[in-house]
Amino acid sequence: MSAENHEKGPLTTGQIAKYCHVTHRGVLKWVESGKLKAYRTPGKHSRVSIEDFLEFLKKYNMPVPAVLLRPTANKKILIVDDDRGIVQSLQRVLMMENKYIIEAAYDGFQAGKKFSEFKPDFVILDICMPGLDGYQVCVNLRQEADSKHVKILAISGMSEPQEIKKIIDLGADDYLQKPFSNEVLQQKINELLWGTSA
């Protein structure tokens, strides 16, 4: 079945069993125990949305089937950086992938507003910004009710281990030191969003 077909409908427990290389009964147990979110059709069959299945895979550190990477490709990425040149550069790189919806915030205060309205899946967050810096922005974002699934990639020209440790401890998922190549950025995003470096 093609990725395009998946995009238009939920998954059956049989499909999930094949993707996870487990028995159909195993998938039903996940559903019954509440580990995997599902709903019932009028015919009493379990169905799982792609979003819930991907969330399940992430939670239990299971690989995402390649065929499912495309249907959820339109992930939302919020870039937070006070340097408009860097923002434009990042936007160009990400737009080349043709699979992201991109918004930008140019300071820490604007970041919070954009985060609430845009509801991104991924945040590229500069640490060194005037006013509200990346550390405080990271704390604020992690306090949002729906922020648990959001991946935060901190970026900065700083290379001190204590600064990197601090932003990770505050809730960032990973860190990139400026300047970085487009390839390294894309690899980090793929690892964090999809669990793959491809």
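This briefing describes ring contacts, strands, a helix and cysteines in one protein structure.

The structure is a predicted model, in which local features need pLDDT of at least 70 and side-chain atom pairs count only at pLDDT 80 or more, while totals for chains, interfaces and linings use all residues. Residues are numbered from 1 along each chain as its sequence is written, and side-chain values use heavy atoms, with hydrogens and water left out. Helices (H or I, at least four residues) and strands (E, at least two) are DSSP runs, numbered from the N terminus.

**Aromatic pairs**

- The structure contains three aromatic pairs; rings of Phe, Tyr and Trp (its six-membered ring) pair if their centres lie within 6.5 Å, and planes under 30 degrees apart count as stacked, over 60 as edge-to-face and the rest as tilted.
- Tyrosine 19 and phenylalanine 53 are stacked, with 6.2 Å from centre to centre and 25° between the planes.
- This pair links distant parts of the chain, as tyrosine 19 belongs to helix α2 (residues 13-20) and phenylalanine 53 to helix α4 (residues 50-59), 34 residues apart.
- Phenylalanine 53 is buried, with a relative accessible area of 0%; buried means under 20% relative accessible area, exposed over 50%, and partly exposed in between (1.4 Å probe, protein chains only).
- Tryptophan 30 and phenylalanine 56 form a tilted pair, 4.9 Å centre to centre with 45° between the planes.
- Tryptophan 30 lies in helix α3 (residues 24-33) and phenylalanine 56 in helix α4, so their pair ties together parts that are 26 residues apart in sequence.
- Tryptophan 30 is buried at a relative accessible area of 18%, and phenylalanine 56 is buried at 4%.
- Trp30, Phe56 and Tyr60 are linked into a cluster by ring pairs.

**Charges over rings**

- Arginine 84 lies over the face of tyrosine 106, at 3.7 Å from the ring centre; a charge sits over a ring if NZ of Lys or CZ of Arg is within 6 Å of the ring centre and within 35 degrees of the ring normal.
- Lysine 166 is placed over the face of tyrosine 135, at 4.2 Å from the ring centre.

**Strands**

- Three strands make an open sheet in the order β1-β3-β2, with antiparallel pairing; two strands pair if DSSP finds at least two bridges between them.
- β1 (11-12) and β2 (39-40) stand at the edges with a single partner strand each, so one side of each has no neighbour in the sheet.
- Two bridges join β1 to strand β3 (residues 46-48) in the antiparallel sense, and the bridge partner of leucine 11 in β3 is valine 48.
- Strand β7 (residues 151-156) pairs with strand β8 (residues 174-177) in the parallel sense over four bridges, and alanine 154 stands opposite tyrosine 175 in β8.

**Helix α9**

- Helix α9 (residues 182-194) has 13 residues and reaches 17 Å from its first C-alpha to its last, close to the 18 Å expected at 1.5 Å a residue (the expected span is 1.5 Å times one less than the number of residues).
- Buried residues in α9 include Leu185, Ile189 and Trp194.
- Glycine 195 follows α9 and has a positive phi, near 75°.

**Cysteines**

- The count of disulfides is zero, where a disulfide is a pair of cysteine sulfur atoms within 2.5 Å.
- The sulfur of cysteine 128 is 14 Å from the closest cysteine sulfur, in cysteine 138, which is too far for a bond.
- Cysteine 128 is partly exposed, with a relative accessible area of 42%, whereas cysteine 20 is buried, with 13%.
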